[in-house]
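Student: I would like a close look at one part of this protein. Please take me through its nonpolar core and its aromatic rings.

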Amino acid sequence: MADAEVSEQTSPGILQEIFTSPLNLSLLGLCIFLLYKIFRGDKPVELGEVEKPLPKLRKKDYLLSELKPYDGVQNPRILMAVNGKVFDVTRGKKFYGPEGPYGVFGGRDASRGLATFCLEKEALKDEHDDLSDLNAMQQESLTEWETQFTQKYDYVGKLLKPGEEPTEYTDDEEAKDKKTD
C-alpha cells in the first residue's frame with residue numbers, strides 16, 4: 001500500500017499532463033473542435049424569411065411608359081429592356097433593384113447605358129432610343145449584353161417603338177418556351 005501512495009505522488013495526474021504541455025493543449029483543442037463539428041454538423045445558417053418567387057410573367061410587348069412601374073419600387077417585379085427585348089430581371093434584384101449597382105436600369109430601356117458603360121440616369125432616354133449613334137464597338141458590347149441577358153433571365157416580350165403594334169402571344173408559344181427552359 002505504501003508503494004501505491006508513493007507512485008501517486010511521483011507520477012503526475014493525466015489532467016496535469018494535458019494542461020502543462022503546449023502540444024497536449026493543442027491536441028486537446030483540436031479534439032474538442034472535431035467533436036463539435038461532428039455533433040453540430042454542417043447545418044445551414046437560417047436566413048430568416050425567404051421571399052417567395054413571383055409567378056412567371058406572361059409574354060407581352062411593352063411601351064416604354066408601361067415598363068416604368070417595374071422598377072422594383074412601385075412593383076416588386078423588375079423588368080429591363082436590352083436592345084429591344086424586355087427581360088424579367090427580378091431574380092437579380094441585388095444588381096437591378098433600387099439599391100443595386102445597376103438599379104438605374106430597372107423599369108427602363110438600359111441599352112444605351114449598357115452599350116456605353118454609363119450608369120448615369122441622364123444617359124438614359126425617357127423616349128424611344130433608336131441607338132443609331134452608337135459606334136461599332138458599342139453595338140458589339142450591346143449585343144454581348146443581350147446574349148448574356150437572354151441566357152440568364154426570362155424574356156417577357158419586346159419593347160415597342162412608337163406606333164408599333166404589339167404581338168399577340170398565344171398559350172402555345174408559352175408552352176413551347178417552357179419546354180425549351
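Tutor: Here is the core, then its rings.

This is a predicted model, where local features need pLDDT of at least 70, side-chain atom pairs count only at pLDDT 80 or more, and totals for chains, interfaces and linings use all residues. Residues are numbered from 1 along each chain as its sequence is written, and side-chain values use heavy atoms, with hydrogens and water left out.

Start with the term. A nonpolar core is a set of buried Ala, Val, Leu, Ile, Met, Phe, Trp, Tyr and Cys residues joined through side-chain atoms within 4.5 Å. Buried means under 20% relative accessible area, exposed means over 50%, and partly exposed lies in between (1.4 Å probe, protein chains only).

The largest nonpolar core has 18 residues. Those with the most contacts inside it are Met-80, Val-82, Val-89, Tyr-96, Phe-105, Leu-114 and Phe-149. Strand E1 (79-82), helix H6 (111-116) and helix H7 (136-152) each supply at least two of its residues. H7 gives the most, with three. These elements are DSSP runs, numbered from the N terminus: helices are H or I with at least four residues, strands are E with at least two.

Now take Phe-105. At 0% relative accessibility, Phe-105 counts as buried. Its contacts (heavy atoms within 4.5 Å) leave out residues up to four places away in sequence. They are Leu-79, Met-80, Ala-110, Gly-113, Leu-114, Cys-118, Leu-119 and Leu-124.

Next, the rings. A pair of aromatic rings is described by the distance of the centres and the angle of the planes. Rings of Phe, Tyr and Trp (its six-membered ring) pair if their centres lie within 6.5 Å; planes under 30 degrees apart count as stacked, over 60 as edge-to-face and the rest as tilted.

The structure holds eleven aromatic pairs. In one of them, the ring centres of Tyr-102 and Phe-105 are 6.1 Å apart and the planes are at 20°, so this pair is stacked. Tyr-102 counts as partly exposed, because its relative accessibility is 26%.

Trp-145 and Phe-149 form another pair: the centres are 6.0 Å apart and the planes at 45°, so it is tilted. Both residues lie in helix H7, four residues apart, about one turn of the helix. Trp-145 and Phe-149 are both buried.

Finally, step back to the cluster. Ring pairs link Phe-87, Phe-95, Tyr-96, Tyr-102, Phe-105, Trp-145, Phe-149, Tyr-153 and Tyr-155.
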